[in-house]
Amino acid sequence: MKFDIVTIFPGMVGAGLAEGVVGRGVERGVLDVRIHDLRDFTSDRHRSVDDVPYGGGPGMVMKPEPLVRAVETIRATRGTPDTVVLTSPQGLPFTQGEAVRLSGLGHIVLLCGRYEGIDERLRSLVPCEELSIGDYVLSGGELAALVIVDAVSRLVPGVVGDSRSVEEDSFSRGLLDHPHYTRPAEVSGQKVPDVLLSGHHEEVRRWRRKMAIQRTLERRPDLLDTVELDDEQRALLDEVRKEGKRES
Ligand code: ADE
């Protein structure tokens, strides 16, 4: 899978991708990630990527031409991408579902937005989808691009060593994850739940499913409005609700 990331901070993006899951994916040849310095696509002596806003006001606006040239160069040298993503707080929410969709593509260009915004004409000059990683404002789209590349890459077969850890992820089934424990079996008087030491695989499986439901109900009940539960999960949800009522 190919990623091309266009940024005014290539060092920041490079550092964020060098290690961990993405770094390993690149080493294994499963991921092909290129970082492009937006200033290489400027045409003036100062290598300007921004200018003052028409109509006045504070801050600067990203110029469209360097971004257009960057995408044209990527198209000519790396092939036509399946999609161009612009990171921006005005974008549609980037969710696990979006990560799954993007992981099915072969080539993604990411444009990291900066400053007060990008000249609106870019959106017609380069058809792109705008994605936001959350309802807060970052000082630039680089961190958002890193989040997107990370979440998408780990879904690409061969990037994460054991594919079961991706399948069993929090959110992979629309619910939060169950609790995890490792050795030792007791820390400062706190014990690992007995069921996990029982060696009884069926009981462990059911306990984990129940804990995932319980956590989701406690922390993110909104997720239960949209997720499709199977028969066992519906029964577990009833059980958890009844136990909650009994305690209160
Ligand atoms: N750029 C600034 N804030 C952002 C956000 N929340 N998501 C994506 N890109 C951004």
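This is a predicted model: local features need pLDDT of at least 70, side-chain atom pairs count only at pLDDT 80 or more; totals for chains, interfaces and linings use all residues.
Trainee: Which residue does the side chain of Arg123 meet in a salt bridge?

Mentor: Here is the general idea. Side chains of opposite charge can pair when their charged atoms come close. In this structure, the partner of Arg123 is Glu130, with 2.8 Å from N to O. Glu130 counts as buried because its relative accessibility is 17%.

Trainee: How many salt bridges does the structure hold?

Mentor: There are 20 salt bridges. One of them joins Lys210 and Glu239, at 2.9 Å from N to O. Lys210 belongs to helix α9 and Glu239 to helix α10, so this pair ties together parts that are 29 residues apart in sequence. Lys210 is buried, at 11% relative accessible area, while Glu239 is partly exposed, at 26%. Another salt bridge links Asp32 with Arg34, whose closest N and O atoms are 3.6 Å apart. Asp32 is partly exposed at 25%, and Arg34 is partly exposed at 41%.

Trainee: Which residues are linked in a network of salt bridges?

Mentor: Look for Glu202, Arg205, Arg209, Asp230 and Glu232, which are linked in such a network.

Trainee: Which residues form the positive surface patch?

Mentor: Find Arg241, Lys242, Lys245 and Arg246. Lys242 sits in helix α10, residues 231–247, and is exposed because its relative accessibility is 53%. There is also a nonpolar surface patch of about 430 Å², made by Phe9, Met12, Tyr136, Leu138 and Leu143. Met12 belongs to helix α1, residues 10–18, and counts as partly exposed at 34%.

Trainee: Now the backbone. What is the phi of Arg47 near?

Mentor: First, the general idea. Most residues other than glycine have a negative phi, and most peptide bonds are trans. Arg47 has a positive phi, near 55°, and lies in the loop between β2 (32–37) and β3 (50–51). Ser188 also has a positive phi, near 45°. You will find Ser188 in the loop between β9 and β10 (190–191), and at 76% relative accessibility it is exposed.

Trainee: Where is the cis peptide bond that involves Pro184?

Mentor: It runs from Arg183 to Pro184, with omega near 5°. Pro184 is in the loop between α7 (163–167) and β9 (186–187).

Trainee: How far apart in space are Ala145 and Gly113, C-alpha to C-alpha?

Mentor: They are 9.5 Å apart in space and 32 residues apart in sequence. Ala145 is part of helix α6, residues 142–153, and is buried, with 1% relative accessibility. For another such pair, take Glu218 and Gly244: 26 residues apart in sequence, 9.8 Å apart in space, C-alpha to C-alpha. Glu218 lies in helix α9, residues 201–219, and counts as exposed at 56%.

Trainee: Finally, what domains does the domain assignment give?

Mentor: The assignment gives domain 1 (2–153) and domain 2 (186–247). Their C-alpha centres lie 39 Å apart.

Methods: Residues are numbered from 1 along each chain as its sequence is written. Side-chain values use heavy atoms; hydrogens and water are left out. Domain bounds come from an automatic or database domain assignment. Patches are made of residues with over 30% relative accessible area and no salt bridge: like charges are joined within 9 Å, nonpolar side chains (Val, Leu, Ile, Met, Phe, Trp, Tyr) within 5 Å. Accessible areas come from the Shrake-Rupley method with a 1.4 Å probe; for residues, only the protein chains shown count as cover. A salt bridge is a side-chain nitrogen of Lys or Arg within 4 Å of a carboxyl oxygen of Asp or Glu. Lys and Arg count as positive and Asp and Glu as negative; His and the chain ends are not counted. The place of a charge is taken as NZ of Lys, CZ of Arg, CG of Asp or CD of Glu. Helices (H or I, at least four residues) and strands (E, at least two) are DSSP runs, numbered from the N terminus. Buried means under 20% relative accessible area, exposed over 50%, partly exposed in between (1.4 Å probe, protein chains only).
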